[in-house]
Amino acid sequence: MKRTLSIVALAMLVALALVSCAPKGPAEIIIGGVGPVSGEAATFGKSTQEGCELAVEEWNAKGGVLGQQIKLVYEDDKGDAAEGAAVWTKLIQQDKVVAIVGTVMSKVSLAGAPISEQYGVPMISPTSTNPAVTFADGKLREFVFRACFIDPFQGTVGAKFAFDDLGARKAAAIFDVGNDYTKGLSEFFRDTFIALGGEIVAFEAHATGATDFKAQLTKIVQAKPDVVYISDYYNDVALIAKQLRELGFTGPLVGGDGWDSPDLVKLGGEAVENGFFTNHYSKDDTRPEVQDFVKKYTAKFGAAPDALATLAYDAMNIMLDAISRAGSTEGVKIRDALKATDFAAVSGRTMFDEQHNPVKAAAIIEIKGGQQVYRTTVAP
Amino acid sequence: MKIPRTPWLLVVAAGFWAVVQLLRLVGFNDYYLFIANLSLVYVILAVSLNLINGIIGQFSLGHMGFAAVGAYVSGSITTLIYKLSPNVAAHYPGFVLALVAGGVAAALVGVAIGFPTLRLKGDYLAIVTLGFGEIIRTIFNNIDAVGGPRGLLGIPKFSTFTVILAFALITVAVIRNIAESAHGRNMIAIRENELAADLVGIDTTGYKVKVFALGAFFAGVGGGLYAHLLQIAHPTQFGFIYSVQVLIMVYAGGVGSLTGSVLAAFALTILTQVLKSFLSWLKAVTDLPIGGDWYMVVYALLLILIMLYRTEGLMGTREAKLMVIPEEDEK
């Protein structure tokens, strides 16, 4: 029976082979897409999928790439590293994709990146901010790129904006200790703000999932900062802002792209007024790429695009642009074309630095009268 | 004459290895190999949890906590030696030692939490182990030396099919031999009626602590293999939901049946992969209103059906027996 058991297991593996070996159609270029369509970050995965689909649709309407139509195979990674590794191997070995756009969560991209590297299939992660995705242990991952700016960048820009534009000299920061994104942002905000000549009067951590921040906020208010940096996601930001205002703080609040949600104002109301955050782009930006994208996306999906959809759209466009410039679907050639990218993306003109991070400016958005208003653009 | 079972296990494992190597030549690509590897890691985790939940009947909900200890300890060791000299082949002995070290560390943690908590019964133990699993995860989340919330990165990819299969074989052989020994009978007695077992002179708490340590050891080894397969150890990969995933394998396979755990680990891992392609194919062929994105719904539905119609799991408490072995030999 033990033998029967392994035969059963093998039979299932073979069945898997048969089921997923669909007959290949006429010549098309297959691009993989990966995102967490189920699990805790499901809305992120869905936005990413929509961004990818829109980009592929536009390219196909223009005649595809290298004279062939593009086929997008979009897989769910469930926000799980093991599933991510499985999906990556499947796309490369099974679907024979020439490139991958994915994925959202850093830990999943970190499981996928070595696989892209091993097979020489280029990937662009639209939104994984962990620096190690593209550059690990002092070594560059040759085939791995990203379309979003990383934590150091947003923290740095936030600090610059607070120091130069808001004229703050004393700053406080609060962050989620269990989240590498918020922690990273706050640390880089602190370092840059001090380097600029400012003073950090309070640097407070809170636990993941906390709803009462009074202990940390009382300390912050007593230190009398000119500005408070809140690197959390919008739901926590709303709570923190409310409690901070209750404690009598009236100064400006600054944060990162985790603020970007229509729910921020709904949850935070008056408290988030006089709030500023760094973001990938602003919907109010008058550049044609931005206006064109917002119009098309809204028409197709019935809602305005969020940052994830925008970055996925950009990542897919950058990848397809590289393939068309490479004139080939060979991994090495696409990689070299990616390195030479200079693309007018929705989130700004994008090039890659020597660590495969995008070089682009950040938009500063202000919360004014319950609306997100474009304030300025800050380069690092 | 009774044929010892361990050689048979060895034959089966060797046969499995040989078949996979043969299939590699005819289109059994790295994706299938990855699924086979992942299944084998789950075999180790499920069988070791079955020792705790099935054989001795203590409801543990924090199995991935032990796996996390093993993953981080072995991962830290191999990352360090890999940095010193990146010659992969030379590090296999070191890798095996690192896995064992991870297992030992997990076992120590198992003993440490076993002593105070194993006097608890049923639901109370479940809640304590649940809390423990989360504590371990949170501790790793807060240690910057192992990456904190960024996770332990740069773990070399040492978990090959052969290594994982060898450890799965060892795990199943050891736990099976224990379960079938006199000690195993004592454990089953504890599971069936702890008070009665105590009355006939079985050291119930002693057994429970030892079993907890042993289960934790193999979970630690499994966690180490998991980290070296994915090349990352991340706190959220060892959360409650992952412990539940292993628990589902144990219960779907049959509590108390090691064969069931092995079977379920393979079946459920492969099922999540196959379902999506299968549903998409079915939709294309039969105009079914649901497509590939419904695969998690169907997966959950199948689990509910198993629990409704086979409450005891696929295998119940039965073990697979090879036909050449007589059922029960009278001594």
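In chain A, strand S11 (residues 253-255) and strand S12 run parallel and are joined by 3 bridges; helices (H or I, at least four residues) and strands (E, at least two) are DSSP runs numbered from the N terminus, and two strands pair if DSSP finds at least two bridges between them. This is a predicted model, in which local features need pLDDT of at least 70 and side-chain atom pairs count only at pLDDT 80 or more, while totals for chains, interfaces and linings use all residues. Residues are numbered from 1 along each chain as its sequence is written, and chains are lettered from A and ligands numbered from 1 in the order in which they are written.

Between S11(A) and S12(A) the chain passes through helix H9 (residues 263-268) of chain A, making a right-handed β-α-β crossover, where right-handed says that, with the strands pointing away from the viewer, the path from the first strand over the helix to the second runs clockwise. S12(A) is also joined by 5 bridges to strand S16 (residues 362-368) of chain A, this time antiparallel, and here Phe276(A) stands opposite Glu366(A).

Strand S12 (residues 275-279) of chain A is largely enclosed by the rest of the structure, because 5 of its 5 residues are buried, a residue being buried if 20 or more other C-beta atoms, placed from the backbone, lie within 10 Å of its own. Gly275(A), Phe277(A) and Asn279(A) point one way from the strand, Phe276(A) and Thr278(A) the other way.

Elsewhere in chain A, 5 strands with parallel pairing form an open sheet in the order S2-S1-S3-S4-S7. Its edge strands, each pairing on one side only, are S2 (69-76) and S7 (144-146) of chain A. Strand S1 (residues 28-35) of chain A pairs with S2(A) over 8 bridges, and Ile31(A) stands opposite Leu72(A) there.

Finally, chain A meets chain B in a contact that takes 37 residues from chain A and 46 residues from chain B, two residues being in contact if their C-beta atoms, placed from the backbone, lie within 7 Å. On the side of chain B that touches chain A, the elements giving two or more residues are helices H1 (5-25), H2 (30-55), H5 (122-142) and H11 (258-286) of chain B, and the largest share, 11 residues, comes from H11(B).

Key:
Buried ≥ 20, exposed ≤ 12 C-beta atoms within 10 Å, placed from the backbone.
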